[in-house]
Every structure is written in structure tokens, then in C-alpha cells.
Amino acid sequence: MKKLIISSLVAFASLGSAQAADIVDTAVAAGSFKTLVTAVQAAGLVDTLKGPGPFTVFAPTDEAFAKIPKATLDALLKDKAALTKVLTYHVVPGKVMAKDVKAGPVKTVQGSSMTVSTTGGVKVDAANVVKTDIAADNGVIHVIDTVIMPK
């Protein structure tokens, strides 16, 4: 009985020390970001988003990408420079949790600013934030319902 209790405590302690997954692994595990992950791979941004960060990613779902005409999306996936520009526009440096979001312009990793509004729910440009604060060990993901394009 004593051995069982000790081994249970050791197992429990090792669970507590497990780290959360990084941004990419968290997106993969969620299952609703397959197109985003494919795009991140095509743009060569996997290592960056697995890096130390921290990053705040406004992550479009597969349904958000489905709003883009197939021919347009296929062309974007083949144009690494344009794809990188679009994807990095969805990323803000630092870890911004929902409680810390403020309305106004927010500078993206891409270099230009997205507009955050908080009236009637949180929006980034024309996209609604539909889920917040999905924690990763190198940042946070907020789910959006539309792919946003840099200005």
C-alpha cells in the first residue's frame, strides 16, 4: 500500500511539472486550425512560433479560411512573401490576455497596425474574437472568425 501511495505521488508530481505546449502545438491539438497550421508551415514560420515569444496570436479557424475563395487561398499558400505578410499580421508581440485588451490600434509583428474595438464584443479589424485566452507556454491564442488582411 505504501508503494502504491508513493508511486501515485510521483506520477502526480510529474504531471504537475509538464509544460504547456507552444503556440503551434496548441493550435494543432485544438483541431480547428488545420488550414492555419498548413499556412504557417508553407510560410516557414513554425520555428518562429515555437520560439520563446511571447506571442499573442489571433488565430482564424478553418471556417474563417473557408470564407476565402479557394483559388485565392491556393494562390496565397503558394506565395510565401504574401502569406508571411498575412500571417504575421495576425500576431502581436507579447502575451495579451483578454482582460488586458484595450480598444485602438495595435502594432502587429508584420509591422502595420490592426484596429481593436471592444464595443459589442471584441473585434480585430473585421474579425470577431470568438474564444479567448488559450494559453501556450510561449504566448496566448485568441480565436477569430475571419482571416484579417494587412492594410
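Is Lys-50 buried, partly exposed or exposed? Lys-50 turns out to be partly exposed, with a relative accessible area of 35%; here buried means under 20% relative accessible area, exposed means over 50%, and partly exposed is anything in between (1.4 Å probe, protein chains only). The structure is a predicted model, so local features need pLDDT of at least 70 and side-chain atom pairs count only at pLDDT 80 or more, while totals for chains, interfaces and linings use all residues. Residues are numbered from 1 along each chain as its sequence is written, and side-chain values use heavy atoms, with hydrogens and water left out.

Now for the overall layout. The chain has seven helices and seven strands; these are DSSP runs numbered from the N terminus, with helices (H or I) of at least four residues and strands (E) of at least two. Starting at the N terminus, the elements go α-α-α-α-β-α-α-α-β-β-β-β-β-β. Of the 151 residues, 35% are buried. Take the contacts, meaning heavy atoms within 4.5 Å, between residues at least 6 apart in sequence: 63% of them join residues at least 24 apart.

Back to Lys-50 and its partner. Lys-50 forms a salt bridge with Asp-25, with the closest N and O atoms 2.9 Å apart; a salt bridge is a side-chain nitrogen of Lys or Arg within 4 Å of a carboxyl oxygen of Asp or Glu. Lys-50 sits in the loop between H4 and E1 and Asp-25 in helix H2 (residues 23-30), so the pair ties together parts that are 25 residues apart in sequence. Asp-25 is partly exposed too, at 35% relative accessibility. By this rule, the salt bridges number five.

Another of these bridges brings together the side chains of Asp-125 and Lys-151 (3.0 Å, N to O). Asp-125 belongs to the loop between E5 and E6 and Lys-151 to the segment after strand E7 (139-144), so this pair links parts 26 residues apart in sequence. Lys-151 is exposed at 65%, and Asp-125 is partly exposed at 22%. Shared partners also join Asp-22, Asp-25 and Lys-50 into one salt-bridge network. In helix H6, Asp-74 and Lys-70 lie four residues apart, about one turn of the helix, and their side chains meet in a salt bridge (2.9 Å, N to O).

Helix H6 (residues 70-78) also meets helix H7 (residues 80-89): their axes come within 5 Å and cross at roughly 100°. The axes are lines fitted to C-alpha atoms, for helices over the stretch in contact, and angles run from 0 to 180 degrees between N-to-C directions. That makes H6 roughly perpendicular to H7 (65 to 115 degrees). Leu-76, Leu-77 and Lys-78 of H6 make the contact with Lys-80, Ala-82, Leu-83 and Val-86 of H7. Further along H7 comes Thr-88, which is buried at 14% relative accessibility. Neighbours within four places in sequence aside, Thr-88 is in contact with Leu-45, Thr-108, Val-109 and Gln-110.

A cis peptide bond, with omega about 0°, joins Gly-53 and Pro-54. Phi is positive in Asp-125, near 50°, and in Asp-133, near 55°. Asp-133 is found in strand E6.

Methods
Parallel < 35°, antiparallel > 145°, perpendicular 65-115°, else oblique.
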